[in-house]
Amino acid sequence: MVTQHPSEGEIPFKAPSAGKPCKTWYKLVGSLDSSSSPLIALHGGPGAGHEYMTSLNDLHEQHQIPIIYYDQVGCGRSTHFQEKTGDESFWTFDLFIQELDNLVDHFGLREKGFYVLGQSWGGMLGAAYASRRPRGLKKLVLCGAPASMPLYMEACNYLLSQLPPDVRKTIEDCERKGDYESPEFENASMVFYKRHFCRLDPFPEEVQLGFKNLKEDPTSYLTMQGPSEFRIVGSFKDWEGWKDGHNIQAETLLLNGQYDEAMDSCIEPWFKAIRKVRWATLENSAHMTHWEARERFMQLCGSFLTSNVA
């Protein structure tokens, strides 16, 4: 009999060089007694929190797949580390991989097996994790997850070049001054976001909560990514995850949106590097495909996760 876990809880986590006790907050939808392996959802940011991922509840309702959400350390209800701002030796892929491994072991999933779905940064994390061939990982879904940050920056530069001239000029002027918090920069950035981040108007409340989490504690985001969604100056600016893609043994599904900031050029290296892989681009959507093309997204994920065909 699988141990019953409460629907919400905290998992002690010994974060390296943390200097204080840490915990990972989680939320479980469904029961781990289910015949289906659970899906672990990896949110983006880093630092956006789990709320904007909760459309994945559809997979539990439609396919009885248990879902494990969690707030990665540095955001939401997990331990925060604002004192680690700019500390690139702390905010690493290894930190978040150790946290994920700790969660898998807490729930005792090595024997039963589990799925991982990562969105944006969460997909980068999921791919890095999968490339280490963790015991128990059955399938991997990467949503809007760049395989290369240099290619992602190229894509963003192209998309920025397609914005109206006045919007582009405002962004360029603010960036030159290092002014990333003014209303002018936020308004101009929103033009980009409405085209290439989320095309729903208004943004779903859960997606807005992701922005709120980042605003409340941008420590990990600023350190690893940078001051905005399209300016990558943080520690993972040179990351080329696809180079380890050949080590991913789990069946993998790649998803991105027709207007995604993670353009096809950012996704294609995964497709070439991962051996057992499928790729679908969802129409009329951008970076939040699990909201914008929700029905189709869930069809693709559901059939992939429940299929026994390798």
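**Cavity lining and ring contacts**

Visitor: By class, what does the lining of the largest cavity hold?
Guide: This is a predicted model. Gly counts as polar here. By class, the lining of the largest cavity has two charged residues, seven polar and 13 nonpolar.

Visitor: Which residues lie nearest the centre of the largest cavity?
Guide: The structure holds one cavity of 30 Å³ or more, and the space in the largest cavity is about 220 Å³. Its lining is made by 22 residues. Those nearest the centre are Gly44, Gly45, Ser120, Phe197 and Glu229.

Visitor: Which element gives the most to the lining of the largest cavity?
Guide: The elements that give two or more residues to this lining are helix H3 (121–130), helix H4 (149–161) and helix H7 (205–216). With four residues, the one that gives the most is H7.

Visitor: How many aromatic pairs does a search of the whole structure find?
Guide: Rings of Phe, Tyr and Trp pair if their centres lie within 6.5 Å. With that cut-off, the number of aromatic pairs found in the whole structure is 21.

Visitor: Phe93 and Trp239 form an aromatic pair; of what kind?
Guide: The ring centres of Phe93 and Trp239 are 5.1 Å apart, with 10° between the planes. Planes under 30 degrees apart count as stacked. The pair is therefore stacked.

Visitor: How many residues apart in sequence are the parts that the pair of Phe93 and Trp239 ties together?
Guide: Phe93 belongs to helix H2 (residues 93–106). Trp239 is in the loop between helix H8 (219–224) and strand E7 (251–257). The pair therefore ties together parts whose separation in sequence, in residues, is 146.

Visitor: Are Phe93 and Trp239 buried or exposed?
Guide: Buried means under 20% relative accessible area. Phe93 has 14% and Trp239 has 16%. Both values are under the cut-off, so Phe93 and Trp239 are buried.

Visitor: Is the pair of Phe192 and Tyr193 stacked or edge-to-face?
Guide: Phe192 is buried at 0% relative accessibility, and Tyr193 is buried at 10%. Their ring centres are 6.2 Å apart and the planes stand at 75°. Planes over 60 degrees apart make a pair edge-to-face, so this pair is edge-to-face.

Visitor: Which residues do ring pairs link into a cluster?
Guide: Phe93 and Trp239, the stacked pair, are among the members of this cluster.

Visitor: How far from the ring centre of Tyr259 is the charged end of Arg199?
Guide: Lys139 lies over the face of Phe304, 5.1 Å from the ring centre. The charged end of Arg199 sits over the ring of Tyr259, and its distance from the centre is 3.7 Å.

How values were computed: Residues are numbered from 1 along each chain as its sequence is written. This is a predicted model: local features need pLDDT of at least 70, side-chain atom pairs count only at pLDDT 80 or more; totals for chains, interfaces and linings use all residues. Side-chain values use heavy atoms; hydrogens and water are left out. On a 1 Å grid over the protein atoms alone, a cavity is a set of points where a 1.4 Å probe fits but cannot get out, and a pocket is an open set with protein on both sides within 12 Å along at least five of seven lines; lining residues have an atom within 4 Å of a point. Grid points are joined across faces, edges and corners, and a volume is the space filled by probe spheres set on the points. Rings of Phe, Tyr and Trp (its six-membered ring) pair if their centres lie within 6.5 Å; planes under 30 degrees apart count as stacked, over 60 as edge-to-face and the rest as tilted. Buried means under 20% relative accessible area, exposed over 50%, partly exposed in between (1.4 Å probe, protein chains only). A charge sits over a ring if NZ of Lys or CZ of Arg is within 6 Å of the ring centre and within 35 degrees of the ring normal.
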